[in-house]
Amino acid sequence: MGVNILKIYVDENKCIACGDCKDICPKGEIIWSINKIAHASNLGYCHVCTICASRCPTGAILVDRNAPGDDKSERNNQPHEDDLIG
Ligand code: SF4
Ligand code: SF4
């Protein structure tokens, strides 16, 4: 049985690399990197405030605080609707 962990998904088909998520995030400099698309890492710093998801102009961000954390579950890690915030 895997441990559920926080994950932040960015839809690469929606992200326009505007950087708003990084700008609005209280820990943006630590968590967000913006290249061709945005990527969130260092999620130990994340407050799970979901402001990034609210701010994203294209709705590209999903904050999932109950994502499967073990490797075997990675293949099936489509977020469950009930677990999604933002
Ligand atoms: S706010 Fe949304 S569209 Fe803009 S960089 Fe972040 S994820 Fe991409
Ligand atoms: S949920 Fe809040 S703290 Fe976490 S990445 Fe988004 S804006 Fe930053």
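Helices (H or I, at least four residues) and strands (E, at least two) are taken here as DSSP runs, numbered from the N terminus. On that basis Val 48 lies in the loop between β3 and α3. The structure is a predicted model, in which local features need pLDDT of at least 70, side-chain atom pairs count only at pLDDT 80 or more, and totals for chains, interfaces and linings use all residues. Residues are numbered from 1 along each chain as its sequence is written, while chains are lettered from A and ligands numbered from 1 in the order in which they are written.

**Confidence and overall fold**

The pLDDT is the predictor's confidence in each residue, from 0 to 100. Its mean over the protein is 87, with 79% of the residues at 70 or more. Residues 73-77 have a pLDDT below 50, and this stretch makes 4 contacts in the model beyond near neighbours in sequence. Two residues are in contact if their C-beta atoms, placed from the backbone, lie within 7 Å. Where pLDDT is low, the predicted coordinates should not be read in detail.

The protein contains 3 helices and 5 strands, arranged along the sequence as β-α-α-β-β-α-β-β. Of the contacts between residues at least 6 apart in sequence, 54% join residues at least 24 apart.

**Burial and the nonpolar core**

A residue is buried if 20 or more other C-beta atoms lie within 10 Å of its own, exposed if 12 or fewer, and partly exposed in between, with C-beta atoms placed from the backbone. Buried residues account for 22% of the 86 residues. A nonpolar core is a set of buried Ala, Val, Leu, Ile, Met, Phe, Trp, Tyr and Cys residues joined through C-beta atoms within 7 Å. The largest such core has 15 residues, and Val 10, Cys 21, Trp 32 and Ile 61 have the most contacts inside it. Two or more residues each are given to this core by β1 (4-10), β3 (38-40) and β4 (61-68).

Not counting residues up to four places away in sequence, Trp 32 touches Cys 21, Lys 22, Cys 25, Ala 38 and Ala 40. Cys 52, in helix α3, counts as buried because 26 C-beta neighbours lie inside 10 Å. With neighbours within four places set aside, Cys 52 contacts Cys 21, Ile 24, Cys 25 and Ile 61. Its C-alpha atom is 9.3 Å from that of Gly 28, 24 residues away along the chain.

**Ligand surroundings**

A residue is near a ligand if its C-beta atom, placed from the backbone, lies within 6 Å of it. Ligand 1 is surrounded by 15 residues, the closest being Cys 15, Cys 18, Asp 20, Cys 21 and Cys 56. Around ligand 2 there are 14 residues, of which Cys 25, Cys 46, His 47, Cys 49 and Cys 52 come nearest. In the classes below, Ala, Val, Leu, Ile, Met, Phe, Trp, Tyr, Cys and Pro count as nonpolar, Asp, Glu, Lys and Arg as charged, and the others, Gly among them, as polar.

| Shell | Nonpolar | Polar | Charged |
|---|---|---|---|
| Ligand 1 | 12 residues | 2 residues | 1 residue |
| Ligand 2 | 11 residues | 2 residues | 1 residue |

**Loop residues**

Asn 42, in the loop between β3 and α3 (51-55), has a positive phi near 50°. Asn 42 is exposed, since 12 other C-beta atoms lie within 10 Å. For Val 48 phi is near 55°, also positive in a residue other than glycine, and Val 48 is partly exposed, with 13 other C-beta atoms within 10 Å. Most residues other than glycine have a negative phi.
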